[in-house]
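Colleague: I am new to this one. Could you show it to me and let me ask about the words you use?

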Amino acid sequence: MEDELVPKFGIEFRILTNDLIDSTKSGNPFNDIPLLVASVDKLARDERVQGMLAEASWDLVIVDEAHKMAAHVNGRKINYTKRYRLGQMLSARTRNMLLLTATPHNGKEGDFQEFMKLLDPDLFEGGARDGTSVDLSTLMRRLQKEELLTFEGKPLFPIREARTVQVELT
């Protein structure tokens, strides 16, 4: 991934590793290094790293494959995964959060509303349980694959045509 960031955006990121953590001046790479790429699983499971996260703040956090930060609603009970708890912590510590996913949600409104709480906890508080729907236009952008363009403005995917063809059976 980092090999794409420099040529496309001119931005160089460091990859969070245990060696990088141990070599930072303050002992907290999130305070010392402005641009980091980190594994969601490392951040969610490593208690030492979570302590460092709790002491830092950011202007922007981008999460790829964000659907993995899902919580699961089962009746009145909500199963908050470690990844979801990480999402809550990051959301509270950043001014802006961008959640990227190309995976459709599972169709359960409660799960979706819990996921959207990572972007705006107040807006979605109690939404799924009281039957209220929320306007998502300020928080979410959905692109169909037919709308995606290359940097040159050409369609990213070939246009598909569906036709009925008559075939004589033999």
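Modeller: Here are some terms, each set against its cut-off.

Modeller: This is a predicted model, where local features need pLDDT of at least 70, side-chain atom pairs count only at pLDDT 80 or more, and totals for chains, interfaces and linings use all residues. Residues are numbered from 1 along each chain as its sequence is written, and side-chain values use heavy atoms, with hydrogens and water left out.

Colleague: Why is Tyr 84 called buried?

Modeller: Buried means under 20% relative accessible area, exposed over 50%, partly exposed in between (1.4 Å probe, protein chains only). Tyr 84 has 1%, so Tyr 84 is buried. Tyr 84 lies in helix α6. Helices are DSSP runs (H or I, at least four residues), as are strands (E, at least two), numbered from the N terminus.

Colleague: What does Tyr 84 touch?

Modeller: Contact means heavy atoms within 4.5 Å. Leaving out residues up to four places away in sequence, Tyr 84 touches Met 69, Ala 70, Ala 71, Glu 114, Phe 115, Lys 117 and Leu 118. Tyr 84 and Leu 118 are 34 residues apart along the chain, yet their C-alpha atoms are separated by 8.2 Å.

Colleague: What makes Glu 65 partly exposed?

Modeller: Its relative accessibility is 38%, so Glu 65 counts as partly exposed. Glu 65 sits in the loop between β3 and β4 (72-74). Its phi is near 55°, a positive value in a residue other than glycine. Most residues other than glycine have a negative phi.

Colleague: Which residues of α5 are buried?

Modeller: Val 49, Met 52 and Leu 53 are buried in α5 (residues 47-54). Down the axis of α5, the buried residues fall within an arc of 100°, so they line one face of the helix. The arc is that of the directions from the helix axis to the C-beta atoms. Their cover includes α2 (18-23), α3 (29-32), α4 (40-45), β3 (58-63) and α6 (82-93).

Colleague: How do α5 and α6 pack?

Modeller: Their angle is about 20°, and their axes are 10 Å apart. That makes α5 roughly parallel to α6. Angles under 35 degrees count as roughly parallel, over 145 as roughly antiparallel, 65 to 115 as roughly perpendicular and the rest as oblique. Axes are lines fitted to C-alpha atoms, for helices over the stretch in contact, and angles run from 0 to 180 degrees between N-to-C directions.

Colleague: Which residues of α5 and α6 meet?

Modeller: Gln 50, Leu 53 and Ala 54 in α5 meet Leu 86, Met 89, Leu 90 and Arg 93 in α6.
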